[in-house]
Structures are given as C-alpha cells and as structure tokens.
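Here's a quick tour for anyone meeting this structure for the first time. Have a look at it below, then read on.

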There are 2 protein chains.
Amino acid sequence: MKYKLLENPDIEETYDLIDSGIRKKAVINIFAYCKVLYEGRALSQLDWGERFIMLKPDGSFLVHQERKIDPVNWQPPKSRHRALIKENNLILESHRRTPKEKLEVEIEKVHFASFALAEDYQELELAGYEKDMGDMIIKHPNMIEQGFTPTAREYNTEHGFIDILGKDIEGNIVVVELKCRKAGINAVKQIRRYLKDFEENDNDYLKEVKSKKKKIRGLLVAPDINEDAKELLEEEGIEFKAVDPPKELRSDKKVTLDIF
Amino acid sequence: MKYKLLENPDIEETYDLIDSGIRKKAVINIFAYCKVLYEGRALSQLDWGERFIMLKPDGSFLVHQERKIDPVNWQPPKSRHRALIKENNLILESHRRTPKEKLEVEIEKVHFASFALAEDYQELELAGYEKDMGDMIIKHPNMIEQGFTPTAREYNTEHGFIDILGKDIEGNIVVVELKCRKAGINAVKQIRRYLKDFEENDNDYLKEVKSKKKKIRGLLVAPDINEDAKELLEEEGIEFKAVDPPKELRSDKKVTLDIF
DNA sequence: GAATAAATCTCGGCG
DNA sequence: CGCCGAGGTTTATTC
C-alpha cells in the first residue's frame, strides 16, 4: 500500500495508522488539536492548539504551526518515535540519546491523518557542481577507466537523468552516476533505479546489449563513499570509482538558469 | 469550512483547492510527484520525485522529502504564491522581491491534497522566561498598577492558561497576560480569547462580577508592543502596561519540568 | 563519537 | 530597508 488517508479518525484508528506507518518507514502527516512538551537541550511548552505534525522515516519529527518556515517543535533525524493511548488521548513520543531529549505531543482530536511511502531518488543539485565533474569526464574519459567512451549525457529515464551513458572497452553499456561529494546511500539507490528503468524500457542500447550478449554496468563516480552506500553497492553489483571533482569547483561563479 | 481533503484528485480539482485555500488563508498540504526549480540566492534543481508540499498563510512555502527536518526547497514568509495549469501539469510558483527569488514546483500527479484552517492561539513558551516575569509581578503587584492584587496564577481556561488573574483597587477582575518580549498581535488575540472563555464559563469570579456589578478587564503586560497589536488592543478595549522583564532573564538557570 | 565551518541558514530586534 | 546576534540552530566534513 503506497499511502493511507483517514478523515476524522478516532484515536485508535490514528494509533493504528501511525504504528503501521512507522513500521513501513512511511512519512506520517497529521492535522490535530494537540499540546506539545519538549525537554532536552531546553525546556518548552506549547499549549493546546491545531497543528500539523510530520514524522519521517529517518527519525525526524516536526510540529508546524501556520506561520514560519521552521517547525515550532521538532526532533532531529535518528530519534525514536512511538505512539500510545493514555486516558483516551493519543500521545506521540520522540526520544534521542545524545543529547538526551524528549518530545511529547498529546493529541485530543485528529482532523485527518495519513502515511505515505514516497518514491524519491533525487538529491538536490546545486548548480554547477555535477556539471563541472561531467565536463571533466567527457574531456578525459580514461579517468573513469581505460577505454571508456561516453555515448550520451543527461540521458532521460522515467525517474530522472543518467549523468553519463557510455561503453567500456568490451562494448558493455555503462550507466555512470556522478557525485561531487562523498556519495551516500541515495546515490546508490539512484543508480539502481536507473538500471531498472533502463532495462525495462525499450531503447537502441538495450537491443544492442541483447543481440551482442553484452552487460549493463552501473558505476558510481565520486570522491568518496560512505559505509552504508558501500554495502548496498556490493549487494547490487554496482561499481565505484573514486574521482576528485575539478579544483575550481569551490570558486564562486556566476551561474544562470541556462546551464540547465 | 474548516478543512477540505481530496484523495487522488485530478490537476484541476487540486488547482481549485489550492486557489481557495490561498484565499481563505489556510494551510495547504499536498503529497505529489513533482519537480522543483529554485532561482534566487542560489540556483538549484530537484528532479522528479514524490514530496510533501506545504503552503502557509504567512507566505511560507515548504517542500519536504522523507529525510531531514529542513525542507529541501522553501520560500520564506511574505512570499507570494500562485497556481496555474500548463500542459496538463500543475505549476506552483512562489516569488519574493528582496532578495529576488523564485520557487517553481511542477506537479504531474497528486496523491492527496488538503487545506486546513488551524485554530491556534498559543505561542511556544520557553522555560524560565514568562515565569521570571510572573514571579516579579506576584512579588511586586504594584508594578502593574496601584492596588492590584493577584488572586490566581496559571488559571485554566478552555484555550490555555491565564498568566495572572487578579483584582484592581475597585474590585474589578483583571486578566493579565505576560510577554517578556515586544508583544505582537497574537498576544492581544490570546487575551481576547481568554476574556471570551472567562465570560462564557461559569466560575466564582464571574458570579462575583455579576452580583457586584464589577467589570472584567484585560491587561497585557510586556516591555513593548507593536503597531498592529496596539490597534487591536484599542479596538477590543484591552489595556497595556509597559514592564521590563527582570534582568537575570538571560542568565543560565537550571530549569526543570515542575515549573510548568 | 567530538570539533569545525557553511547555510537560499531562520528569526527577532534595533536603527 | 539594512545590519547584528542567537539558535533546542541544522548539516556535512574531518579527525
């Protein structure tokens, strides 16, 4: 189930929704009449009122009022949430170890609530960065590996653009994803998604692969990779090549929209 | 209508919901497959993916992914939003003048969308602040006015706690609201709400007022007050008394939960 | 883990 | 409008 939406649910229905939402690692959204208590790096209280509550699968917890960009109360990623029913009210608790802090939301009435599994493989790309790295690799394809030949740039798939598409020395297709900073797990998920899209969609490359018995390789190119990403990488048979971004990367440049 | 909730709406239904939500000054929440472009203090693009979008009536605009407490893209308060339909996709635009910046969200598919008018009269109360001011006034009630006598602290009403309840020299009831910083319009709304709650609910104070033909006065106590607040204050017949918070306010103190 | 630096920092206050 | 300072800053990087 991709999402679930409840209008005017009672406390128990909401409890079940939150509980299953947390287990599914979904994003939970609630509009409710509530009261908030925070104890940790500071101590604060927010009396009864109607707010928007968001629980994210990374352990973030947000309570938004109808003003401001920042939440009025929150808990950072990696916090642990749980729900419980006390005296016919719903209590949402979020804890963190270091520093020790606790957020407690008491809910009296829920207007609507939902959980949703968001498919999102994209990271925000600030202008200029990946672009510079791509330029460098198009210019010097041997940086990636001996005999690599780029065939397309920003190749469109259903879920976004493959940074560089190319062939290796044996004629296998290579799907290259560039990151100018240490690659995280999302970069690997992104390549995995592209490989899937690529294999599911008919295209000239795919015909060639099938007819000539060639492989499709996934290759992540970044200055470094973190532990989580490395694990998934090996699990998925995706490769990694350490490449530092060009040095002028950090220089201030005038960027305009036309680079897209 | 307090809120409206649409499941799996088409682009035009969503457009109508957003349009009326903005006019009603409601908070709008959307879960959708979208793409984001930002141009302003920086330049960024976020390719297609499923995200949570929130538009607030103060002009804030948030795009949340399923990680982090900060939005991946946003626009600050006082931005101007509008929706339009282009080639069967829904476009949400948000502009700001100084600095000039623009956020553009292109939406292809909406899973669910809502607007909601949140009743919320409370501001976050950080421990120690109002408390210190209250202590000072309980100790020296003449600071507020000659002959003022506190009768209750944190007096409970339906919509929160009245900071100090007391009597003036003529025996009229005084509802006192404390702010340790410059009071805004919300402080006045809060007193107005308390006065209403107080008058609607039976209690001993109210009986006394009725039997002895006394008045109920609203009094805002803060170091200063802004123009908006002053206007509403006079309109509502609520009074204001300038009082600076105690100087030790900023000192680090050990605070515990029992102060609430 | 702690320490450090950047951020479309945000938010409030004051001139 | 601007600058300045604080924040439960958050976030990523380095050690």
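Let's start where the two protein chains meet: strand β3 (residues 43-55) of chain A and β9(B) pair in the antiparallel sense over two bridges. Two strands count as paired if DSSP finds at least two bridges between them, and helices (H or I, at least four residues) and strands (E, at least two) are DSSP runs numbered from the N terminus. Within this pairing, Gln45(A) has Glu125(B) of β9(B) as its bridge partner.

Keep in mind that this is a predicted model, in which local features need pLDDT of at least 70, side-chain atom pairs count only at pLDDT 80 or more, and totals for chains, interfaces and linings use all residues. Residues are numbered from 1 along each chain as its sequence is written, chains are lettered from A and ligands numbered from 1 in the order in which they are written, and side-chain values use heavy atoms, with hydrogens and water left out.

**Where chain A meets chain B**

- Chain B puts 65 residues into the contact and chain A puts in 65 residues, where contact means heavy atoms within 4.5 Å.
- The size of an interface is often given as the accessible area lost when the parts come together.
- Here chain B and chain A bury about 5,600 Å² between them, with 61% of it on carbon and sulfur atoms; buried area is the accessible area (1.4 Å probe) that two parts lose on being put together, summed over both.
- Leu43(B), Glu66(B) and Ile69(B) supply 13% of the area that chain B buries against chain A, more than any other three residues.
- Between chain B and chain A there are 24 residue pairs in polar contact, both at pLDDT 80 or more. A polar contact is a pair of N or O atoms within 3.5 Å; within protein, one must be able to donate a hydrogen and the other to accept it, and residues adjacent in sequence count only if both atoms are side-chain atoms.
- On the side of chain B that touches chain A, β3(B) gives the largest share, eleven residues.
- That side of chain B divides into 32 nonpolar, 16 polar and 17 charged residues. Ala, Val, Leu, Ile, Met, Phe, Trp, Tyr, Cys and Pro count as nonpolar, Asp, Glu, Lys and Arg as charged, and the others, Gly among them, as polar.

**Salt bridges**

- Side chains of opposite charge can pair when their charged atoms come close.
- Over all chains, the count comes to 36 salt bridges, each being a side-chain nitrogen of Lys or Arg within 4 Å of a carboxyl oxygen of Asp or Glu.
- Four salt bridges cross the interface of chain B and chain A; one of them joins Lys2(A) to Glu50(B), with the closest N and O atoms 2.9 Å apart.
- Inside chain A, Arg193(A) and Glu119(A) meet in a salt bridge (3.4 Å, N to O). This pair links distant parts of the chain, 74 residues apart: Arg193(A) is in helix α3 (residues 185-200), and Glu119(A) is in the loop between β8 (101-116) and β9 (125-126).

**Around DNA strand D**

- DNA strand D is surrounded by 14 residues, the closest being Arg41(A), Trp74(A), Gln75(A), Lys68(B) and Thr98(B); a residue is near a strand if one of its heavy atoms lies within 4 Å of it.
- Of the atoms of DNA strand D within 4 Å of the protein, 69% belong to sugar or phosphate and the rest to bases.
- Strand β5 (residues 73-75) of chain A gives the most to the surface near DNA strand D, with three residues.

**Around DNA strand C**

- DNA strand C also has 14 residues around it, and Lys68(A), Ile69(A), Arg41(B), Asn73(B) and Trp74(B) are the closest.
- An N or O atom in the side chain of Trp74(B) is 2.7 Å from a phosphate oxygen of DNA strand C.
- Glu101(B) reaches a base instead: a polar side-chain atom lies 3.3 Å from a base oxygen of DNA strand C.

- Most residues other than glycine have a negative phi, and most peptide bonds are trans.
- The peptide bond from Thr98(A) to Pro99(A) is cis, with omega near 0°, and a cis peptide bond also joins Thr98(B) and Pro99(B).
- Asn8(A) has a positive phi, near 50°, and lies in the loop between β1 (3-7) and α1 (11-23) of chain A.
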